[in-house]
Amino acid sequence: LMTLNSIGEMMMATIHTNTPLKKGEKIGGTRVIPLVIDEEKIKEAETLITDKIMWMEPFKAKKCLLITTGNEVYKGTIKDAFLPVIKKKLEYYGSTVSRQVILPDQKELIIEAIKQGLQENVDLIICTGGMSVDPDDVTPSAIKESGGRLVTYGSPVLPGAMFLLAYHGKTPVLGVPSCAMYSKRTVLDLVLPRILIDEELTAEDIAAYGHGGLCLDCGVCTFPHCSFGK
């Protein structure tokens, strides 16, 4: 894109990368700037630009195991608020919560639930609750000790600093902080669409969210057509 726009007498403008799209939405536009352009300019562009400038990836329907932790939720003292939120976000992209497990803050039980989900061949595991640094919040430790590869615990996104991402083979395991319950947009809204096109995210991908990673909590939310995560 930079190469094309640096040649002169022609241009292309696009939306930001990693933007979820609906059918019919614009993704870019191009113009020849003068009324007449030398054919050599077009040939120069064709020679210099050897890769795709824009492309779209389809979302893939996935089955998600939702592991909700917390002593109060497990005992029924408070009602779980994560399921409707996660279910709605997944269904928007054509995926589903295949099963929810509610567990107390016990590391061994969470590890067992993760391993059981992997044996069931779910496509995605999301763990909610117990993601802070309080002594009884053991979800991050459980995800780490369940095996697999830890990508990051922590993200430069607000809301969502205590986000965790790991992989068991190709199966992503997400640790989602409590902000996802009450904030309209969080780090989950940035990461989930990329997970659902089978992109394997790196620590560098997460670190890059720092520029644009502050949600302004606008009175009227226009996400994804806003600065959040861009």
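Predicted model: local features only at pLDDT ≥ 70, side-chain atom pairs only at ≥ 80, totals over all residues.
Colleague: Why is the pair of Y92 and Y93 called edge-to-face?

Modeller: Their ring centres lie 5.0 Å apart, and the limit for a pair is 6.5 Å. The two planes stand at 90 degrees, and planes over 60 degrees apart count as edge-to-face. The pair is therefore edge-to-face.

Colleague: How many aromatic pairs does the structure hold, and which residues form an aromatic cluster?

Modeller: There are 3 aromatic pairs in the structure. F59, Y92 and Y93 make up one aromatic cluster.

Colleague: Why does Y92 count as exposed?

Modeller: The relative accessibility of Y92 is 52%, and exposed means over 50%. Y92 therefore counts as exposed.

Colleague: What about Y93: buried or exposed?

Modeller: Y93 has a relative accessibility of 14%, and the cut-off for buried is under 20%. Y93 therefore counts as buried.

Colleague: What makes you say that the charged end of K52 sits over the ring of W55?

Modeller: The charged end of K52 is 5.0 Å from the centre of the W55 ring. The distance limit is 6 Å, and the charge must also be within 35 degrees of the ring normal. K52 is listed as sitting over the ring of W55.

Colleague: What is known of the second largest pocket?

Modeller: Its volume is about 480 Å³. It has 24 lining residues, with K88, K89, K184, R185 and D189 nearest its centre. Two or more lining residues come from each of α4 (82-92), α7 (179-182) and α8 (187-195). The lining comprises 14 nonpolar, 3 polar and 7 charged residues.

Colleague: What makes a set of residues the largest nonpolar core here?

Modeller: Its members must be buried and joined through side-chain atoms within 4.5 Å. The largest such core has 28 residues, and L124, I126, L165, L174, V191 and I195 have the most contacts inside it. At least two residues each come from β3 (63-69), α4, β5 (124-128), β7 (164-168), β8 (171-176) and α8. The largest share, 6 residues, is from α8. In soluble globular proteins, nonpolar side chains tend to be buried together.

Notes: Residues numbered from 1 in each chain as written. Heavy atoms only, no water. 1 Å grid on protein atoms, 1.4 Å probe; cavity = no way out; pocket = protein on both sides within 12 Å on 5 of 7 lines; lining within 4 Å. Points joined across faces, edges and corners; volume = space filled by probe spheres on them. Helix = DSSP H or I, 4+ residues; strand = E, 2+ residues; numbered from the N terminus. Nonpolar A, V, L, I, M, F, W, Y, C, P; charged D, E, K, R; others polar. Phe/Tyr/Trp six-rings, centres within 6.5 Å; stacked < 30°, edge-to-face > 60°. Buried < 20%, exposed > 50% of the residue type's maximum accessible area, 1.4 Å probe, protein only.
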